[in-house]
Amino acid sequence: MATEGGGKEMNEIKTQFTTREGLYKLLPHSEYSRPNRVPFNSQGSNPVRVSFVNLNDQSGNGDRLCFNVGRELYFYIYKGVRKAADLSKPIDKRIYKGTQPTCHDFNHLTATAESVSLLVGFSAGQVQLIDPIKKETSKLFNEETASSWRV
């Protein structure tokens, strides 16, 4: 144990400290295991959007979540704030080239345990309708707005 000038013992466990190389910080499991962390870019930021839907399935784990990080879109089972999702096992993961997801939302009216519609908007103006449970792409709108857009 380290002692201060007054002779007190310090029983404090540090969760972060700074060195000349940078800040070291104890991270929660869900943040530490985040897949493919986007490197820091001081030029601009990559906004992260999150969408939730409840599928009312019989298992009690009906909540699903979708989020994007940069050009990647992830779909997971959501178990609540007290238990982190296993980020190493997404239900569906998509990586886009040429454009990136900027917004998305589920169709809550038609969502079932077997199928859910997710509408995704992209930085170049395209809109895509996908089903992350069936892992299929249904429709692509405004495809002519970007010539190098691929999944």
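**View 1. Lys 93 in strand β6.** Lys 93 belongs to strand β6, which covers residues 92–95; strands here are DSSP runs of E with at least two residues, numbered from the N terminus. The model is predicted, with local features needing pLDDT of at least 70 and side-chain atom pairs counting only at pLDDT 80 or more, while totals for chains, interfaces and linings use all residues. Residues are numbered from 1 along each chain as its sequence is written, and side-chain values use heavy atoms, leaving out hydrogens and water. Lys 93 counts as partly exposed because its relative accessibility is 36%, the class between buried (under 20%) and exposed (over 50%), with a 1.4 Å probe and protein chains only. Asn 68 lies 25 residues from Lys 93 along the chain, and their C-alpha atoms are 9.6 Å apart.

**View 2. The open sheet β7-β8-β9-β10.** Here we meet four strands in that order, with antiparallel pairing; two strands pair if DSSP finds at least two bridges between them. At the edges sit β7 (101–106) and β10 (136–141), each pairing on one side only.

**View 3. Strands β8 and β9 side by side.** Antiparallel strands β8 (residues 118–122) and β9 (residues 127–131) are joined by four bridges. Look for Val 120, whose bridge partner in β9 is Gln 128.

**View 4. Phe 52 in strand β3.** Strand β3 spans residues 50–54 and includes Phe 52. With 42% relative accessibility, Phe 52 also counts as partly exposed.
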